[in-house]
Amino acid sequence: MTIIVQLDASNRIVLPRDLRRAAGIPRGQKLRASATPGRITLEVEAHARGSVVKRGKLKLWTGTVPSTPLAEAIEGARHYER
């Protein structure tokens, strides 16, 4: 499905309901935007569902593991701040 959208006065874009339904994007879903000259691409941001549970001295993630590249995950863990 292709549709033409227009920027509003605040330079925002509203994605019409039909377009969101065709792409399978639920309400409140986060989108990742990337830009190249003359093109903006929107991708659905994967969200992991699960929780951290304590098992003895360990803390375990109960959800699925996100498909983050290993190098990116390690770099993110090194610079993690609480």
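Q: Why is V52 called exposed in this predicted model?

A: The relative accessible area of V52 is 54%. A residue counts as exposed when this value is over 50%, so V52 with its 54% is exposed. V52 is found in strand β3, which covers residues 52-55.

Q: What makes K59, L60 and W61 contacts of V52?

A: Contact means that heavy atoms lie within 4.5 Å. Leaving aside neighbours within four places in sequence, V52 is in contact with K59, L60 and W61. For G63, which is 11 residues from V52 along the chain, the separation of the two C-alpha atoms is 8.5 Å.

Q: How do you know that D8 and R12 form a salt bridge?

A: The closest N and O atoms of D8 and R12 are 3.2 Å apart. The rule asks for a side-chain nitrogen of Lys or Arg within 4 Å of a carboxyl oxygen of Asp or Glu, so the pair D8 and R12 qualifies at 3.2 Å. By this rule, the count comes to one salt bridge.

Q: Is D8 buried, partly exposed or exposed, and what value decides the matter?

A: D8 has a relative accessible area of 31%. Buried means under 20% and exposed means over 50%, with partly exposed in between; therefore D8, at 31%, is partly exposed.

Q: Which residues make the nonpolar surface patch?

A: The patch is made by I3, V5, L7 and I13, and its area is about 330 Å². Residues in a patch must have over 30% relative accessible area. L7 has 47%, so L7 passes that cut-off.

Q: Why does L7 count as partly exposed?

A: The relative accessibility of L7 is 47%. Exposed would require over 50%, and buried would require under 20%, so L7 falls in between and is partly exposed. L7 is found in the segment before α1, a helix of residues 17-23.

Q: What is the phi of N11, and why does N11 count as exposed?

A: N11 has a positive phi of about 60°, although N11 is not a glycine. The place of N11 is also in the segment before α1. Its relative accessibility is 60%, and because the cut-off for exposed is over 50%, N11 counts as exposed.

Q: Why is R78 called exposed, and where is R78 placed?

A: R78 belongs to helix α2. With a relative accessible area of 64%, R78 is over the 50% cut-off and is therefore exposed. The C-alpha atoms of R78 and L7 are separated by 39 Å, and the two residues are 71 residues apart along the chain.

Q: What radius of gyration does the chain have, against that of a compact globule of 82 residues?

A: The chain has 18 Å, but a compact globule of 82 residues would have a radius of gyration near 12 Å. Along its principal axes, the C-alpha trace spans about 55 × 25 × 25 Å. Buried residues make up 2% of the 82 residues. Of the contacts with a separation of 6 or more, 2% join residues 24 or more positions apart.

Q: What pattern do the helices and strands follow along the sequence?

A: The chain has two helices and four strands, and read along the sequence they follow the pattern α-β-β-β-β-α.

Methods. Residues are numbered from 1 along each chain as its sequence is written. This is a predicted model: local features need pLDDT of at least 70, side-chain atom pairs count only at pLDDT 80 or more; totals for chains, interfaces and linings use all residues. Side-chain values use heavy atoms; hydrogens and water are left out. Buried means under 20% relative accessible area, exposed over 50%, partly exposed in between (1.4 Å probe, protein chains only). Patches are made of residues with over 30% relative accessible area and no salt bridge: like charges are joined within 9 Å, nonpolar side chains (Val, Leu, Ile, Met, Phe, Trp, Tyr) within 5 Å. Accessible areas come from the Shrake-Rupley method with a 1.4 Å probe; for residues, only the protein chains shown count as cover. The radius of gyration is taken over C-alpha atoms; the globule rule is 2.2 Å times the number of residues to the power 0.38.
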